[in-house]
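Let us read this model together, one feature at a time. Look at the strands and the backbone angles.

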Amino acid sequence: MNEAAAQLWAEWSAGRLCLQQCTACGRSQQPPGPVCSWCHSTSLTLADIDGSAELVSWSTVHRAPTKAFADQVPYTLALVRVPDGALLEVRVAGDEGAESWKAGMPVVLALGTVVDRALPTGRVAG
Ligand SMILES: [Zn+2]
């Protein structure tokens, strides 16, 4: 794991909902890296996010990709966009109504636990 990713995972484990953000252009990115994927600046920091996002796409997983997920299927993964443009793939709670979801619906992000790791998770609102 690279240093930027290790720092982000440590903050999530400590309960801080944040993403790597570029101090040059102000946009966030996920996964974190050594340069901004938007403007290629190396001036990056971790910044809190407010948890707002927009649903882009989603899929329900019925076959566990590894044994670690065997007792969790079915579950829904969603690609969500935070306001500054970064895309995150998150586990979605409350996915019983997923057949009626539409792209663009609001998603509320919060830290959750997936296979013993603190990760941003989402709940579709609306
Ligand atoms: Zn940038």
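## Hairpins, barrel and backbone angles

Q: How many residues lie between E7 and E8 in their hairpin, and what is the phi of Val115 in the turn?

A: Strands are DSSP runs (E, at least two residues; helices are H or I, at least four), numbered from the N terminus. Two strands pair if DSSP finds at least two bridges between them. Here E7 and E8 form a hairpin with two residues between them, and Val115 in the turn has a positive phi of about 45°. The model is predicted: local features need pLDDT of at least 70, side-chain atom pairs count only at pLDDT 80 or more, and totals for chains, interfaces and linings use all residues. Residue numbers start from 1 along each chain as its sequence is written.

Q: How many bridges join E7 to E8, parallel or antiparallel?

A: Eight bridges join strand E7 (residues 106–114) to E8, and the two run antiparallel. Val114 stands opposite Arg117 in E8.

Q: Which direction does E6 take against E8, parallel or antiparallel?

A: Strand E6 (residues 87–93) and strand E8 (residues 117–124) run parallel, joined by three bridges. Arg91 has Thr121 in E8 as its bridge partner. Ala93 has Arg123 in E8.

Q: How many bridges join E5 to E6?

A: Six bridges join strand E5 (residues 75–81) to E6, running antiparallel. Ala78 stands opposite Val90 in E6. E5 and E6 also form a hairpin, with five residues between them; Gly85 in the turn has a positive phi of about 110°.

Q: In what order do the five strands close into a barrel?

A: The order is E4-E5-E6-E8-E7, and the pairing is mixed. Neighbouring strands of this sheet are turned by 45° against each other on average, direction ignored. For such angles, axes are lines fitted to C-alpha atoms (for helices, over the stretch in contact), and angles run from 0 to 180 degrees between N-to-C directions.

Q: Which peptide bonds are cis?

A: Most peptide bonds are trans, and most residues other than glycine have a negative phi. A cis bond joins Gln30 and Pro31, with omega about 5°. Pro31 is in the loop between strand E2 (28–29) and strand E3 (44–48). The bond from Val73 to Pro74 is also cis, with omega near -5°. Pro74 lies in the loop between strand E4 (52–61) and E5.

Q: Is His40 buried or exposed?

A: Count other C-beta atoms, placed from the backbone, within 10 Å of the residue's own: 20 or more is buried, 12 or fewer exposed, in between partly exposed. His40 is exposed, with 10. His40 is not a glycine, yet has a positive phi of about 70°. Val115 also counts as exposed, with 11 C-beta neighbours inside 10 Å.
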